[in-house]
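Here are some notes to read alongside the model, in the order I would look at things. I start with how the parts of one chain meet and then turn to the pair of chains.

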Protein chains: 2
Amino acid sequence: MNTQKKIAIIGIGLMGGSLALRLRAENLCTEIIGVDNNHQHLQIALDQKIIDSGASLGDAIEAADVIIIAIPVDQTIAILPTILNRVNKQIVLDLGSTKSTILDAIEKHPKRERFIGTHPMWGTEKSGPGSVIRDAFINRAVVLCNHNDSNPEVFVWVKKMYETIGMRIVYMNALEHDLHVAYISHVSHITSFALANTILEKEKEETAIFDLASGGFESTVRLAKSSPSMWAPIFIHNKANVLDVLDEHITQLQKFQQAIAGANEDELMVLMNKANQIKKIIP
Amino acid sequence: MNTQKKIAIIGIGLMGGSLALRLRAENLCTEIIGVDNNHQHLQIALDQKIIDSGASLGDAIEAADVIIIAIPVDQTIAILPTILNRVNKQIVLDLGSTKSTILDAIEKHPKRERFIGTHPMWGTEKSGPGSVIRDAFINRAVVLCNHNDSNPEVFVWVKKMYETIGMRIVYMNALEHDLHVAYISHVSHITSFALANTILEKEKEETAIFDLASGGFESTVRLAKSSPSMWAPIFIHNKANVLDVLDEHITQLQKFQQAIAGANEDELMVLMNKANQIKKIIP
């Protein structure tokens, strides 16, 4: 198999840009074409040699062997049928954080098999091509969703691509994926955004926060710096799962609330000893 | 001023043990005496040369110039009047995460002025002398509470001690301190404990979590590994402030809940753009 391809990346932000660097580092591409509505981002990507050239979406689709969609999930759904309309032998994949609504949107598309939905479990709270990270993705999981609906050639190349950049392949159907990521990613982000708002709402003496903040606070609130335009569609596209987990999370907070209000140290110990079991999962 | 003292540390865990290492590194002590009810911890501290000797509480008080209390806040309140009963010219300080209940407990004590309540804003989710960190405390804030109630000699030495190990001094009264730490430390811990319980409660396929967890999740849930016996008394001793902040936090989560339930992307953008302002405070 010829693994080197001409690759178009739609959206040269943190994800698309970091992936471009890894593809080049692992010799997976002959050329990288960037597509981005944000001309400033495109220029940064060119200046920093993250991409070889910029192009319009139409020209990029025509020129490329592989088209990687690295834009927010709502924009992916808007653009994906148009891309599939124009492809012939190209491989198309996305990197989005939800999968069901994307796959539903192209379920009956005649070129459905040219696409594979993927979710590399890597990111930071930053965004844009100025935030790219050179050694991203390594040792993280990537989920390939409903891969039996993709042409074997598409599946095999994309699997090889992720393995080559150092990722562990995990197979899930889109429904399972969306449930699991609600727990281990989406609700973490909501708690962090909400914690930041709690502090900004109630704590007026900002210098006091700044002076006292230690590592624990910084790590809990770090995700609150994440991109709103990326996360708003994720929460809405994974609404049912996110609401379910959020409801459980509020219930768990209320258990702490009741135990503290009753000065019930025994109950607090039970709640925290249970929480400590997360060590077995995330050492 | 002779800054070198014979120092007794009550509780050779993460905080007391890490402080012992810094005191020695900065030549602030002639000798460190460890006191700990946990004989295994005391032995580890001796083996790793964190302390020079172990002693009973009574012997340590008698032998030391400075007594540092590094145990949970409820135990500090239980032991502090006994310690002050026995001191004469010694300097006594604690490192606890709440200050009002501790200072209230000794308000009328005849030796009140030998004590200063402090809170170095450093820690990790680990505990015990096996978790000590060599370069702890550096570049973090330490709060000195109600220092005008302490003898100037006590205040000056303790201030010098913290400055020498690289900390920024912040002055607050105990009420202010307890309010601020509810925001920037205590509620972060509760959200993290509750998030861990949310996942452990709802997500039965633990291997799926393990496979998919990325950096964001790990940082949000890290504090859930913290010591229950340290945190239960903190939440109870700072009950009014913690409940107030927790109530606000649940309100903020419910705003996300409502916006997601209504698929209200505009409102989600408003909420997250507001949360992004935390960047100005914690860059």
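1. Let's begin inside one chain: domain 1 and domain 2 of chain A bury about 1300 Å² between them, and carbon and sulfur atoms account for 67% of this. Buried area here is the accessible area (1.4 Å probe) that two parts lose on being put together, summed over both. A:S97, A:T98 and A:E125 supply 40% of what domain 1 of chain A buries against domain 2 of chain A, more than any other three residues.

2. A word on the ground rules. This is a predicted model, in which local features need pLDDT of at least 70 and side-chain atom pairs count only at pLDDT 80 or more, while totals for chains, interfaces and linings use all residues. Residues are numbered from 1 along each chain as its sequence is written, chains are lettered from A and ligands numbered from 1 in the order in which they are written, and side-chain values use heavy atoms, with hydrogens and water left out.

3. Where do the domains of chain A lie? The assignment gives domain 1 as 5-172 and domain 2 as 177-281; such bounds come from an automatic or database domain assignment. Their centres, taken over C-alpha atoms, are 30 Å apart. In contact (heavy atoms within 4.5 Å) are 16 residues of domain 1 of chain A and 17 residues of domain 2 of chain A.

4. The rule finds one salt bridge across this domain interface, a salt bridge being a side-chain nitrogen of Lys or Arg within 4 Å of a carboxyl oxygen of Asp or Glu. The side chains of A:E125 and A:R222 meet in a salt bridge, at 2.7 Å from N to O. On the domain 1 side of chain A, α4 (73-86), α5 (100-105) and β7 (141-145) each supply at least two residues that touch domain 2. The largest share, three residues, comes from α4(A). Helices (H or I, at least four residues) and strands (E, at least two) are DSSP runs, numbered from the N terminus.

5. Now the two chains. A:K274 forms a salt bridge with B:E201, the closest N and O atoms being 2.6 Å apart.

6. For symmetry, chain B can be laid on chain A with an RMSD of 0.0 Å by a turn of 180° and a shift of 0.0 Å along the axis. The two copies are thus related as by a two-fold rotation axis. The superposition is by least squares on the C-alpha atoms of residues with pLDDT of at least 70 in both copies. B:T220 comes closest to the axis among the residues of chain B, at 2.4 Å (C-alpha). Because 100% of the interface residues of chain B are also interface residues in chain A, the copies meet through the same surface.

7. Lastly, the whole structure has 22 salt bridges over all chains. The side chains of A:D52 and A:R24 meet in a salt bridge, at 3.2 Å from N to O. A:D52 lies in the loop between α2 (39-47) and β3 (53-54) of chain A and A:R24 in helix α1 (residues 14-25) of chain A, so the pair ties together parts that are 28 residues apart in sequence.
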